[in-house]
Amino acid sequence: MRRFLVVMAACAALRAQTAPTLTLEEAERIAIQNHPRIAAAKLATASSQEAVHQTKAILQPQVGVNMTGSIAEHGSLLGAGQLQPQALYSRSAAGVSVSQTVFDFGRSKMLTAAAEARAGAQAERANAVRLEVQLRVRDAYYSVLQAQRQLKALRENVELRSLTQRQIAALAKSNLRSTLDVSFAELNLAEAELLLNRAENDVRASEVDFAATLGFPDGRRYALAEPPDPPSLEPAADDLVTKAIASRPEIAALKMQIQASRRQADSEARQLLPSISLVGAGGYFGPRDQRIHPSYGAAGVNVTIPVLTGGLFTSRRKEAELRAESETQELRDLEVRIAREVRLAWVDADNARQRLALTSKVLDQAVRTLRLAQTRYELGLSSIVELGQAQLSRTQGEVSAAAARYEYLRKRNLLDYQAGMLP
């Protein structure tokens with residue numbers, strides 16, 4: 001079993017030497033460039049921009065090319081089906097038709113403003129996706145470092161207990177220690193090896209999770225650089241709540257969505273007003289009946305006045321207004337939830353900061369206790385149980401200290417995310 005652990009440790013060291021070194025900033029850049037959720041959000045933003053172009057096209061000239069050919073009974077008139085008295089002629093012709101909206105009482109302008117607001121809301125949602133991916137990258141980054149630090153502590157524990165076991169076994173051969181001490185030493189070593197095995201599994205799992213947060217499905221591995229300590233924690237959460245409400249992209253997106261709904265309601269209200277457009281057509285005939293002039297052309301003004309629509313436009317206006325009111329209430333609820341999340345994140349970060357100092361004290365005390373227990377056992381003043389407990393306490397202290405540091409970094413990371421302070 002020990003030989004297997006040594007081989008595993010050597011393989012892990014070799015992988016660490018060959019794996020590319022990655023900083024937290026580099027990991028974030030890779031995720032932003034590579035993660036499919038961010039790519040999908042960017043494409044959705046580009047798609048929403050096309051809706052803006054579509055609404056603006058209403059105010060642009062509309063030009064179409066027409067080509068027509070017909071064979072008719074000469075001199076006959078159009079009968080059933082349409083109230084048109086003109087005669088039918090055999091002809092072929094090609095021409096152009098043009099239309100241009102001149103004035104619609106700002107309806108198209110409001111539609112364009114609504115589309116621009118929706119596009120802006122989608123851009124903010126894409127930004128929110130980016131920040132969420134960054135949050136997950138940082139959390140996974142810290143988890144890998146924590147698992148690696150704990151693995152190092154547990155390897156040192158195995159080495160220490162293995163040394164203790166060999167020393168006690170040698171002393172037992174000289175009848176200076178009992179076989180019971182040897183049994184306890186072997187038990188302590190086996191328990192340490194079991195903990196090491198679990199820690200190795202945790203490292204592998206955290207590395208797989210980290211690769212997935214970068215957008216890679218192949219579970220590639222990196223040697224991660226130690227991140228710097230974060231700045232001092234703010235003394236209270238009130239300022240952070242203000243920053244969060246002013247900068248969170250979810251709030252900005254919902255505000256733009258409310259603006260879009262109100263612009264849509266305004267546009268629907270203007271549907272009941274007239275619209276004015278210029279129309280024109282012209283072209284030339286090819287082979288035709290001799291009674292047809294070789295060219296044609298006409299221009300005019302078209303005024304459309306809605307009279308009865310079955311309440312369609314009024315209903316659509318009310319729908320947009322009610323949607324805007326509903327989204328306004330959603331915005332209030334979102335602000336309350338974000339304020340709560342920021343305050344809870346600050347409490348958790350402050351508690352993690354306090355645990356950071358406490359675990360450091362525990363580790364110092366555990367180291368001193370182990371030295372004392374080792375001396376007492378060598379002098380024959382204590383049992384192997386006491387020594388094993390001291391060794392376990394030191395290992396647990398190292399594991400807890402590593403966990404406390406990275407837990408504090410994760411809590412600070414979450415606080416920065418909730419307060420809208422991630423870069």
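**Figure 1. Overall dimensions of the predicted model.** A compact globule of 423 residues would have a radius of gyration near 22 Å, whereas the protein has 38 Å. The model is predicted. Along its principal axes, the C-alpha trace spans about 130 × 50 × 35 Å. The secondary structure consists of nine helices and six strands.

**Figure 2. Surface, burial and contacts of the protein.** The accessible surface amounts to about 24000 Å², and carbon and sulfur atoms account for 57% of this area. Of the 423 residues, 35% count as buried. When contacts between residues at least 6 apart in sequence are considered, 83% of them join residues at least 24 apart.

**Figure 3. Leu163 in helix 4.** Helix 4 comprises residues 107-173, and Leu163 lies within this helix. Is Leu163 buried, partly exposed or exposed? Leu163 is partly exposed, because its relative accessible area of 37% falls between the limits of 20% and 50%. Asp239 is 76 residues from Leu163 along the chain, and the C-alpha atoms of these two residues are separated by 54 Å.

**Figure 4. The second largest pocket.** This pocket has a volume of about 320 Å³. Its lining is formed by 20 residues, of which Leu24, Arg138, Tyr142, Pro228 and Pro230 lie nearest the centre of the pocket. By residue class, the lining divides into 12 nonpolar, two polar and six charged residues.

**Figure 5. Helices lining the second largest pocket.** Helix 2 (24-34), helix 4 and helix 9 (384-418) each supply at least two residues of the lining. Which helix gives the most to the lining of this pocket? Helix 9 does, with four residues. Helix 4, one of the contributing helices, is also the helix that holds Leu163.

Figure 6. Rolling a probe the size of a water molecule over the atoms shows where empty space is left. The structure holds one cavity of 30 Å³ or more, and the volume of the largest cavity is about 30 Å³. Which residues line the largest cavity? The lining is made up of Val144, Glu207, Phe210, Arg220, Arg221, Tyr222 and Leu224.

Note on methods: Residues numbered from 1 in each chain as written. Predicted model: local features only at pLDDT ≥ 70, side-chain atom pairs only at ≥ 80, totals over all residues. Heavy atoms only, no water. 1 Å grid on protein atoms, 1.4 Å probe; cavity = no way out; pocket = protein on both sides within 12 Å on 5 of 7 lines; lining within 4 Å. Points joined across faces, edges and corners; volume = space filled by probe spheres on them. Rg over C-alpha atoms; globule rule 2.2 N^0.38 Å. Buried < 20%, exposed > 50% of the residue type's maximum accessible area, 1.4 Å probe, protein only. Contact = heavy atoms within 4.5 Å. Areas by Shrake-Rupley, 256 points an atom, 1.4 Å probe, with all protein chains shown as cover. Nonpolar A, V, L, I, M, F, W, Y, C, P; charged D, E, K, R; others polar.
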